[in-house]
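I am opening a new page for this protein, and I will write down what I looked up in the order in which I looked.

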Amino acid sequence: VSIEPTPERLNFAQHLLDLNASRADKLAYIDDAGSLSYGQLAGAVRRFAGALESLGLRREDRVLLCAHDSTDWPVAFLGCLYAGVVPVAVNTLLGATDYAYMIEHARARAVIVSQALLATIESAVQQSSVKPESLIVSRADSATLPIGAKRFEDLLAAGMEMPVAATTGRDDIAFWLYSSGSTGRPKGTVHTHGNLFATAATYGANVLGLREDDVTFSAAKLFFAYGLGNALTFPLSVGATVILMAERPTPDAVFKRLVDGQPSVFFGVPTLYAGMLASAALPARETVRIRRCTSAGEALPKEIGEKFEAHFGAPILDGIGSTEMLHIFLSNRADELRYGTSGKPVPGYELQLLDDSGAPVGADEVGDLYVKGDSSALMYWGNREKSRATFLGGWTKTGDKYVRDAQGWYTYAGRSDDMLKVSGQYVSPFEVECCLMQHEFVLEAALIGITDGDGLTKSKAFVVLRQGVEASDALAVEIKRFVKERLAPHKYPRRIDFIFELPKTPTGKIQRFKLRDLEMAALKPATP
Ligand code: 3UK
């Protein structure tokens, strides 16, 4: 395989506009309300960049981008890159406290927000010690526009095109994404223009194999690194057409896009694939036109992949990526696929499996996975300790355990920290436990991952109640509701067990592994 080297002078937005200069009339994006041709996209990106400049934003200023998937999202993201302004793209399912932290930590000078998220962002700004000067509302409802806020479309309409992009290099900071860890605040993961180029040149060009005539649809949103590659970097690198959806990716919402939009390439996560297969509304093979799918975020159970391919006749390429590496670095391929594994290293990336002493493990032995490649983040902003623990010279520590067999196939063997992946998204047991303990009836709590009937990870809480409080199913429901109200939807415990005390070390640390063992023992059939 040949991998295109990253040019030294690179503005990734300018690069994408140049690549598609001859496709002015071709559709780049289709969303729930309309569409954008490549020509319109280029004009909008240059005008949005001009609007940012007229608002007083300068190169390297940070802008929080908190918006649902629509054609405004790529315009905002690429407009920032074009101007050298740094978008900080955040999950739209978080709460005001999270956004307040991010606005402060990123010292955001502006916020771009969807109308539906405006109230949460306003409360975040109120809580934050950093006050962004500009508030830009996408798909704004004029009746409720706060004083001083700008409508995205008005800015675009008034914007003077910025004629030339900021002269950035491949190593210049392009954008940030936040990634959560087992303890502490989310980490501002800093990516460069070159990192975007590298994901397109490696996974995009050599594994995914998008074509100009493809129509893509990603259930994973643009604010995830996975979705950003799927619905921006890769399709725009080949001049394909992208379908965007603002809604939460339920099986029904996804079916509608597959049937109405006829995408040829679909990007999902295992929980969604399982939900689609379990749904009575699963569309017949003839009604869709997908030729290839990908899965990431958590391991794809073998049976799900096989069942899906048998039904639709299109393979699901499972691959592992991370926010730190920006996209997938270990993956199955259409011509080399083994369900139940993560495949083989993506050309352009080096992988290592090491034991506790740092020595390489042999075939069929479990080791910690390290990866080296041109798309790794520069650092976690303002966090030397965690940066040093993850970015080790050229190598990045993934926090995952893997086994490689003699033929070179990699199989996922769990995380090396307590983090869980539920519905493809991180859940920190510590964060959920803290939330549970805020409930008036809860004394203590511990969260672990359990495997459901599909082979997917769900979370389960062990809860110790305060003295005099009686355990009941109704209380379990109430506690789940309590967490749902406070944390992102994928974080609430799917099951709750009440116990009398938690296993702990002499220093008082919860021994989650003992709870996991307890759970395993309960699942095993009794020995005769
Ligand atoms: C886990 C997987 C088994 C693994 C991501 C594709 O998921 C992405 O990024 P995150 O930062 O999480 C990274 C962690 O998720 N994981 C991801 N994919 C798989 N485990 N099989 C898989 N196929 O623990 C990894 O360290 O949220 C995925 C592209 C870009 C991404 N950021």
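Entry one, the second largest pocket. I began with the classes of its lining, and I counted five nonpolar, 11 polar and six charged residues. I note here that the model is a predicted one. The lining is made up of 22 residues, and K187, Y380, T390, R415 and D417 are the ones that lie nearest the centre of the pocket. For the space inside this second largest pocket I wrote down about 470 Å³. I then asked which elements give two or more residues to the lining, and I found helix 12, residues 384-390, and strand 21. Strand 21 gives the most, with four residues.

In total 22 residues surround the ligand, and D318, G319, T323, D400 and K421 are the closest. Sorted by class, the shell holds 10 nonpolar, seven polar and five charged residues.

Which part of D318 lies 2.7 Å from a nitrogen atom of the ligand? I found that it is a polar side-chain atom of D318, whereas for G319 a backbone N or O atom lies 2.7 Å from a ligand nitrogen. A299 also uses a backbone N or O atom, which lies 3.3 Å from a nitrogen atom of the ligand. I next looked up how far the ligand is covered: taken alone it exposes 610 Å², and the protein buries 96% of that.

I noted 15 aromatic pairs in the structure. One of them is formed by Y203 and F234, with 5.7 Å from centre to centre and 50 degrees between the planes, and it counts as tilted. Y203 lies in helix 7 (residues 193-208) and F234 in helix 8, so this pair ties together parts that are 31 residues apart in sequence.

I found one cavity of 30 Å³ or more, and the space in the largest cavity comes to about 40 Å³. Its lining consists of R59, E60, G84, T168, D172, I173 and H193, which I sorted into one nonpolar, three polar and three charged residues.

Note on methods: Residues numbered from 1 in each chain as written. Predicted model: local features only at pLDDT ≥ 70, side-chain atom pairs only at ≥ 80, totals over all residues. Heavy atoms only, no water. 1 Å grid on protein atoms, 1.4 Å probe; cavity = no way out; pocket = protein on both sides within 12 Å on 5 of 7 lines; lining within 4 Å. Points joined across faces, edges and corners; volume = space filled by probe spheres on them. Nonpolar A, V, L, I, M, F, W, Y, C, P; charged D, E, K, R; others polar. Near = heavy atom within 4 Å. Polar contact = N/O pair within 3.5 Å; in protein donor to acceptor, adjacent residues only side chain to side chain. Areas by Shrake-Rupley, 256 points an atom, 1.4 Å probe, with all protein chains shown as cover. Phe/Tyr/Trp six-rings, centres within 6.5 Å; stacked < 30°, edge-to-face > 60°.
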